[in-house]
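Subject: Structure for you to look at

Hello,

Here is the structure I said I would pass on. My notes on it follow below.

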Amino acid sequence: MVAFVLRRLGVLSVILFGSSFILYNVAAISGDPTADLRLSTDPNRDFLIASLTRELQLDVPPPLRYFLWLKGVLGVFVGNPNFGMGRDGSAVVDSLALALPVTLRLVLAATIFAAILGIMIGIVTALRQYSRFDYSMTFIAFLLFSLPVFWVAVLLKEYLAISFNNFLREPQIPISWIIGIGLVSGLFWASVIGRSRKSFWLTYAAAFAISSGLVAIFGVTGWLLNPSLGPVVVLLLSIGIAFGVTQLSVGLINKAALRASLTMAGLSIVAYYPVHWVFDNYPGSLSIFLLACALITTAVFVGLAFSKIDRAPIVRTTIITAVLSAGLVLVDQFMQTWKPYMETDAINYRPVPTVGQRSDLLDSTDFWITSLDVITHLFLPTLALTLIGFAGYIRFARGTLLEVLNQDYIRTARAKGLTERTVIMRHAFRNTMIPMATILVADFAGVVGGAFITESVFAWSGMGTLALQGIRGQDLNLLMGVFFITATMAVLANFVADLLYSALDPRIRVGSGA
Amino acid sequence: MARKSKVSVESTEVLSGENAIQNKEIEGLSQGQIVRKRFFRHRAAVISLVTIIVIVVMAFTALDFRLFGIWRVPGWWKWTPEDLPELRFGDCPNDTVGCPTISLLPKFLGGQGIGLGTHPFGQDDIGRDFFALVMKGTQRSISVMVIIGGIGATLGVIVGSISGFYRGRIDAILMRFVDFMITIPVIIIGSVIGYRYGNLGAVFLAFLLGLFAWTGLSRLVRGEFLSLREREFVDAARVAGATNKRIIFKHILPNAIGVIIVSVTLLLSGAILLETALSYIGFGVVPPDVSLGLLISQYQDSFTTRPWLFWYPGLFIISIALSINFIGDGLRDAFDPRQRRRISKKERQDSATARKLAQAND
């Protein structure tokens with residue numbers, strides 16, 4: 001195993017060396033950094049050219065200059081990387097250090113949302129194979145697959161951001177919208193849940209009533225301007241979560257798990273006011289982290305207290321319930337920040353921004369307001385990347401689950417009388433997740449490269465912007481810096497995916513044939 | 001007792017009937033005929049095939065082009081992208097100029113009747129006919145797509161089949177080379193190439209991009225070859241004295257063709273999105289040439305005032321990519337031997353009633 005890892009790492013570094021060598025030379029011969037200076041009429045033109053040549057070592061031919069660059073990069077191993085200087089005289093390492101977190105934030109959010117949504121919908125389409133829901137989701141997946149990301153981004157900016165901001169000035173929801181949203185959500189839920197004609201229409205009616213009712217209440221109470229959940233709604237939703245999670249993970253028949261989850265839901269409401277007090281007086285990531293630790297510890301103890309046998313699934317259920325209901329409390333906190341955030345001068349009731357990764361004019365130092373600012377800026381780019389990305393997950397999850405459901409062990413599980421829930425969630429879903437996990441890891445690295453266009457549409461200053469700047473300005477060191485980071489991530493992610501696959505699936509032996 | 005056994009025989013017949021229908025369907029047909037038959041049953045794929053043919057024919061015949069650089073073949077559309085007709089004022093909403101004249105609403109519904117008008121897709125800011133521009137852009141984007149796809153598919157199949165068939169050292173070398181190509185993000189290399197060579201024309205750019213687009217396909221083909229070469233029919237061919245060349249071209253490749261075709265369609269739809277994206281950030285097709293991505297990039301600022309300049313190129317990109325994806329889906333269904341026919345509603349009801357009858361009789 002160790003030998004395999006070492007050998008693979010050796011091969012990977014050779015690959016990285018080769019591809020960076022080629023790209024360096026291609027990029028170096030494709031543009032002369034002094035070209036624009038040569039055309040300028042500046043009196044000290046020759047001096048500028050000479051100093052640029054000296055700084056960037058342009059007198060060394062590119063194949064040799066590559067090794068000078070490589071020597072700097074290998075400084076990573078002694079903690080002192082040197083990616084060379086950019087055209088503007090700043091160290092490339094500093095620009096990369098600023099840009100990388102921005103891109104990672106975007107890509108991480110988009111990948112997580114796309115994966116969760118895509119896997120959920122993919123599983124439902126597989127379970128409802130050849131139904132109308134399956135066909136329409138297949139169509140939507142193909143449509144999203146075929147969308148150019150820059151086109152979607154412009155549309156989102158125009159319709160979602162600007163129209164929504166205009167709408168917020170006077171948030172009166174017209175009756176046609178209320179009915180329309182009700183109809184759409186009715187259709188969605190009815191086709192997901194309804195199997196017979198009767199249950200289809202029952203679900204349709206219920207979903208229609210609930211969603212149009214909610215939208216109408218939002219409109220009447222001005223909820224969109226000053227949203228909050230409040231303790232009662234949090235409690236009701238937590239109880240719903242407790243039932244839902246228990247049903248999915250161990251089944252409602254398991255009373256111990258249900259009691260443990262309901263206790264956690266109840267505890268989240270007991271802790272509602274104290275937690276808000278902590279949030280208001282000690283804002284910051286540290287207190288969120290500490291509260292999360294306390295939460296999970298409590299959940300483990302509650303789970304253990306209620307269970308006598310078969311403890312692991314119950315504790316797991318309790319933890320999931322606890323995290324989800326605590327998430328509600330956090331969402332509630334952000335909702336209460338919404339109104340002060342909208343009232344700041346920088347925002348002025350136009351909360352959905354179309355460019356940038358944070359508001360430069362925002363002078364608030366409040367942790368919640370600045371976090372909310374980051375979140376609102378993430379909203380549109382993440383949505384654009386998610387829309388495009390999750391189509392692939394729908395298709396993949398559907399295909400994998402169908403493949404798994406055709407296996408013999410599923411028939412065995414059904415034959416020995418397990419409930420449909422156990423067959424799907426324990427036997428089929430878990431085996432579907434093995435290839436999904438590896439795809440997810442490999443995809444994550446791919447999206448880093450794919451976020452270029454999104455970043456450029458939304459004017460984010462991330463890795464993509466740096467690369468474009470490097471190409472346009474013939475800034476070789478900058479371009480190579482971006483390439484080195486993305487390529488290393490891609491290579492390592494593929495490697496991790498291979499290892500993960502063999503860890504999750506004992507049938508795959510690592511090192512065989514590789 | 002006799003009655004009961006008869007019913008049970010009937011019900012098993014109903015259950016296996018589905019298989020019987022399938023077997024009957026492919027009786028006496030060649031592989032190609034079966035695939036064609038299955039493909040034409042996929043409604044979305046057939047619609048997409050028609051769409052793509054219509055788009056290609058429309059785009060490539062609309063404008064004048066030169067055959068071998070000498071003979072000028074006139075197109076059926078009255079404007080060319082170089083013409084500068086007068087900007088249309090008036091009868092446009094919100095005081096805009098050069099709005100589209102296409103009308104799909106018949107007169108009795110309050111529209112202006114179905115017709116194209118002088119400028120169906122409107123005019124751009126200096127008055128050029130936008131239909132002609134979009135047609136030209138579609139030509140460019142489709143040719144770039146076909147070239148990238150063609151080169152990618154050829155290289156991918158060659159590399160994949162060599163390394164899958166011969167295995168051993170040559171396989172290891174080729175696959176490390178693939179690994180190495182995969183580390184270079186296509187968008188970065190595309191940008192570098194496009195920035196330097198974009199002005200040499202779209203065809204050259206597409207050729208270079210094609211040299212980087214084959215890696216995924218080659219891995220797939222390799223996997224397919226690795227499993228096919230162990231099968232009995234390959235052994236049989238070898239025992240019968242077939243050469244390697246004959247085994248590859250006559251025995252293995254035809255069996256792998258389904259997988260290849262499907263992933264080539266994916267490659268094609270990826271290629272058109274890559275070309276438009278590169279043109280959008282300015283590293284693909286460069287003006288004065290026209291491509292769909294470039295049109296969107298050039299006119300995205302006028303979205304609020306003259307949205308048609310943004311909509312039509314986008315709709316063409318989506319139609320092309322969507323059609324190709326659906327054709328790929330149809331082909332996958334058609335080539336997949338495990339693919340079972342979707343059971344129609346009537347058949348399902350029939351078998352349900354039969355089952356109920358059987359239960360009632362029990």
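In this predicted model, helix α10 (residues 230-249) of chain A and helix α11 (residues 255-270) of chain A have axes that come within 9 Å and cross at roughly 160°. Angles over 145 degrees count as roughly antiparallel, so α10(A) is roughly antiparallel to α11(A). The crossing of α10(A) and α11(A) is right-handed. On the α10(A) side, the contact is made by P231(A), V234(A), L235(A), S238(A), I239(A), I241(A), A242(A), V245(A) and T246(A). The α11(A) side contributes A257(A), L258(A), S261(A), L262(A), M264(A), A265(A), S268(A) and I269(A). Sorted by class, the contact of α10(A) with α11(A) has 13 nonpolar and 4 polar residues, and no charged ones.

Now chain B. Chain B has 13 helices and 2 strands. Of its 362 residues, 38% count as buried. Among the contacts in chain B with a separation of 6 or more, 66% come from residues 24 or more positions apart.

One helix of chain B is worth a note of its own. Helix α5 of chain B (residues 168-183) has 16 residues. From its first C-alpha to its last, α5(B) reaches 23 Å, close to the 22 Å expected at 1.5 Å a residue. The buried residues in α5(B) are V178(B), D179(B), F180(B), M181(B), I182(B) and T183(B). What do the buried residues of α5(B) pack against? They pack against α1 (2-30) and α19 (476-504) of chain A, together with α8 (215-228) of chain B.

Regards

Methods:
Residues are numbered from 1 along each chain as its sequence is written. Chains are lettered from A and ligands numbered from 1 in the order in which they are written. This is a predicted model: local features need pLDDT of at least 70, side-chain atom pairs count only at pLDDT 80 or more; totals for chains, interfaces and linings use all residues. Axes are lines fitted to C-alpha atoms, for helices over the stretch in contact, and angles run from 0 to 180 degrees between N-to-C directions. Helices (H or I, at least four residues) and strands (E, at least two) are DSSP runs, numbered from the N terminus. Angles under 35 degrees count as roughly parallel, over 145 as roughly antiparallel, 65 to 115 as roughly perpendicular and the rest as oblique. A crossing is left-handed if the near helix is turned anticlockwise from the far one by less than a right angle, and right-handed if clockwise. Two residues are in contact if their C-beta atoms, placed from the backbone, lie within 7 Å. Ala, Val, Leu, Ile, Met, Phe, Trp, Tyr, Cys and Pro count as nonpolar, Asp, Glu, Lys and Arg as charged, and the others, Gly among them, as polar. A residue is buried if 20 or more other C-beta atoms lie within 10 Å of its own, exposed if 12 or fewer, and partly exposed in between; C-beta atoms are placed from the backbone. The expected span of a helix is 1.5 Å times one less than its number of residues.
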